[in-house]
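Take a moment with the sequence and the fold before reading on. Keep the display open, and find each part as it is named.

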Amino acid sequence: MASTPGTIRVLTTLLLLARGSLSQLDVCGQPPRNSRIVGGEDAPAGAWPWQASLHNSSGHKFCGGSLINKDWVMTAAHCFSRTSGPVVYLGRQNQEGSNSNEVSRTVSQIIRHPNFNNVSRDNDIALLQLSSSVTFTNFIRPICLAAADSTFNRGTTSWVTGWGTIKRGVSLPSPQTLQEVDVPVTGNRNCFCKYNPRGRTITDNMICAGRDEGGKDSCQGDSGGPMVSKQGSVWVQAGVVSFGIGCARAQFPGVYARVSQYQSWINTRITSDQPGFVTFTSTGTDADLSATCTGLPRLIKKVSHTPTSPAYVRVEECCSNLYPKRIPASQIKSYKYTNLDCPKKAVIFTTLKGIEMCANPEDKQVQDIMEKLAGDWE
């Protein structure tokens, strides 16, 4: 968790509309021991009672997560590329020494999103089923999740928690107390303009948060942890820590899986005692709509009869060429993402001769080509 002193400006007035599992909505996102408006770097015990610490069979902490009901933890899909047999700790405050409010559970089931792409980090979300239920206390409680029609305008204050490095290559000092940091939502269009020149595509399944001047951010080891915002007395999880370029670097906000995109998927996997979903609504005009840069899709007003649908859509044309055709993989020089449904979300391949064609990112051959073109993450 990277952090330097800073101030908070609440740029957005928020309204609350709640729906979902009544049993979870009665308890989720309401930490009895968190009454803060702003805070320091060390989080007080019980301030973030949904925070989970994920450890491998050797006891090494590798990722964070969030408790979403008594039986399930949500985290990032990329945390489980190789790890098996994880142990989940809840109620933990320090990574060193004893934690009197802590419980641990093994994991009986790991469900990564079926469309997770390890190259782009699109759909970077996973669910962990605990081996047995946990009992809620002042130090162990679930977080509410952002519902499908939630909006997080640019400037919305959010908080990220975890035990990751305090800056690139610098471990959290002893006793490794849970860290908290406040970061504003940057908006996906603004985030696209930051990452696109570096070959990173920001999709609608992502949400970004950070300061233009840098200094506050999630960092290595925070992956899978929660990004949350507060409405009234209720905390709502907007994102899951996914990736970034460096830690707390100016002009490069952290990138998170956008929780509101996965309400349907989560509810199809958790069929009983479902998590509490809350519609988080930002009012006023989103400053992110004014963002402009090369390659950023234009915006037009969307005509819709459903008041909760997004106010804007991207304007692009669906291409008819569909890879693979009779073009060898060696002739593909680059790719980019598009938000088009053709009928599924597509990737655009460009050949050495400049020909563009659509490709299905779920196709194994397409994924292999993308991995070769993308190289390693920074």
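What follows covers the disulfides, then a helix, then a serine and its strand.

This is a predicted model, in which local features need pLDDT of at least 70, side-chain atom pairs count only at pLDDT 80 or more, and totals for chains, interfaces and linings use all residues. Residues are numbered from 1 along each chain as its sequence is written, and side-chain values use heavy atoms, with hydrogens and water left out.

Start with the cysteines. A disulfide is a pair of cysteine sulfur atoms within 2.5 Å. How many disulfides does this rule give? The count is four. Three of them are described here, one at a time.

Look for Cys63 and Cys79. Their sulfur atoms are 2.0 Å apart, and the two form a disulfide. The link is left-handed, with -90° about the S-S bond. Cys63 sits in strand S3 (residues 61-67), while Cys79 sits in the loop between strand S4 (72-75) and strand S5 (87-90). The two are 16 residues apart, and the pair links distant parts of the chain. Helices (H or I, at least four residues) and strands (E, at least two) are DSSP runs, numbered from the N terminus. Are these two cysteines buried or exposed? Both Cys63 and Cys79 are buried. Buried means under 20% relative accessible area, exposed means over 50%, and partly exposed lies in between (1.4 Å probe, protein chains only).

Now find Cys191 and Cys208. A disulfide joins them, with 2.1 Å from S to S. This link is left-handed, with -80° about the S-S bond. Cys191 belongs to helix H2 (residues 188-195) and Cys208 to strand S11 (residues 206-209), 17 residues apart. Both cysteines, Cys191 and Cys208, are buried.

Helix H2 holds another cysteine of interest. Cys193 forms a disulfide with Cys293, and their sulfur atoms are 2.1 Å apart. The torsion about the S-S bond is about -85°, so this disulfide is left-handed. Cys193 lies in H2 and Cys293 in the loop between strand S15 (277-282) and strand S16 (299-301), so the pair ties together parts that are 100 residues apart in sequence. Why does Cys193 count as buried? Its relative accessibility is 18%. Cys293 is partly exposed, because its relative accessible area is 28%.

H2 is mostly covered, with eight of its eight residues buried. Among them are Asn188, Arg189, Phe192 and Tyr195.

Next comes Ser229, in strand S12 (residues 226-231). Ser229 has a relative accessible area of 1%, so it is buried. A polar atom of the Ser229 side chain lies 2.9 Å from the backbone oxygen of Thr157. Contact means heavy atoms within 4.5 Å. Leaving aside neighbours within four places in sequence, the residues in contact with Ser229 include Phe152, Thr157, Trp235 and Phe280.

Finally, see how S12 is placed. Five of its six residues are buried, and the strand is mostly covered. Two strands pair if DSSP finds at least two bridges between them. Strand S9 (residues 157-162) runs antiparallel to S12, and two bridges join them. Here Trp159 stands opposite Val228. S12 also pairs with strand S13 (residues 234-243), in the antiparallel sense, over six bridges. In S13, Gln237 is the bridge partner of Val228. The hairpin of S12 and S13 has two residues between the strands, and Gly232 takes a positive phi near 60° there.

How values were computed: A polar contact is a pair of N or O atoms within 3.5 Å; within protein, one must be able to donate a hydrogen and the other to accept it, and residues adjacent in sequence count only if both atoms are side-chain atoms.
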